[in-house]
Amino acid sequence: MILPEEQGLAAAAAAGKLVQFPAVPWRLRGEAVLQLQLLATAQVRPLVPAALEVVSVAPGRTLGAVYLASYQAGSTRQYHELIVIPALVRRRHRLGGWISHIYVDDEISALAGREIWALPKRLAAFQREYGARGAATVVRQGRQVLCVFEDSEPVGLGRLPVFAPAYSRRENKLLWFRGSGSARWGLGSGAVRVPLDSPFAALGFGRGRRLHLDELDISMHAPRS
């Protein structure tokens, strides 16, 4: 189903290479939070291509993550992003995260994600809200709430390198790409609330450990086979 806010995206995608994208690598500057959780391997295996090995980090468990970012001034494009990573995977010697769901609030980023990185990017709205639980970022598609990403307070660790490898797939061809740069790291914990009707509710995200990436400055490089 194509949501009303995605009708322009679908039309542009049909035009294919007529869309002009900023040159790769893309520079992304701003702030992000990466929540890490152990997820059941049997639960996430259907989302991962058979050619990729799901890496176990504990008996019957792999490492999953939810990533929420705000890319600000100095970035190739300014937008918000939500990435769902159900598994840590491997192909031969090369590790990466498998991205099953990814949402942005910028049409050019969505199109470039599909065309350049072969990612299933969709449009969504990102809104800051305040309630009894405190501040949170709510991500929606139309009236559907995808998740509520509650705020948390980190303990600062200083400026450290960032290396973010990931896999995607174009038809039957696996692609691997990476983000690299640095950020001011922080360590904390928090909760992601995922409604039962969210597309990734079955993965089991909830409360987990978090990496806070402030003053983030990374480059997203072109994918390779």
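A pocket is an open set of grid points with protein on both sides within 12 Å along at least five of seven lines. The model used in these exercises is predicted.

**Exercise 1. Describe the second largest pocket: its volume, its lining and the elements behind it.**

Step 1. Start with the space. The second largest pocket holds about 410 Å³.

Step 2. Count the lining. It has 19 residues, and E31, L68, R128, T137 and D151 lie nearest the centre.

Step 3. Find the elements. Two or more residues each come from β1, β3, β9 (125-131), β11 and β14. β14 gives the most, with four residues.

Step 4. Sort by residue class. The lining splits into seven nonpolar, six polar and six charged residues.

**Exercise 2. Describe the largest pocket and the residue classes in its lining.**

Step 1. Take the volume. About 750 Å³ of space lies in the largest pocket.

Step 2. Look to the centre. The lining has 35 residues, and the closest to the centre are L34, Y67, I85, A164 and P165.

Step 3. List elements. Those giving two or more residues include β1 (26-40), β12 (155-170) and β13 (173-193).

Step 4. Sort again. Here 30 lining residues are nonpolar, three are polar and two are charged.

Notes. Residues are numbered from 1 along each chain as its sequence is written. This is a predicted model: local features need pLDDT of at least 70, side-chain atom pairs count only at pLDDT 80 or more; totals for chains, interfaces and linings use all residues. Side-chain values use heavy atoms; hydrogens and water are left out. On a 1 Å grid over the protein atoms alone, a cavity is a set of points where a 1.4 Å probe fits but cannot get out, and a pocket is an open set with protein on both sides within 12 Å along at least five of seven lines; lining residues have an atom within 4 Å of a point. Grid points are joined across faces, edges and corners, and a volume is the space filled by probe spheres set on the points. Ala, Val, Leu, Ile, Met, Phe, Trp, Tyr, Cys and Pro count as nonpolar, Asp, Glu, Lys and Arg as charged, and the others, Gly among them, as polar.
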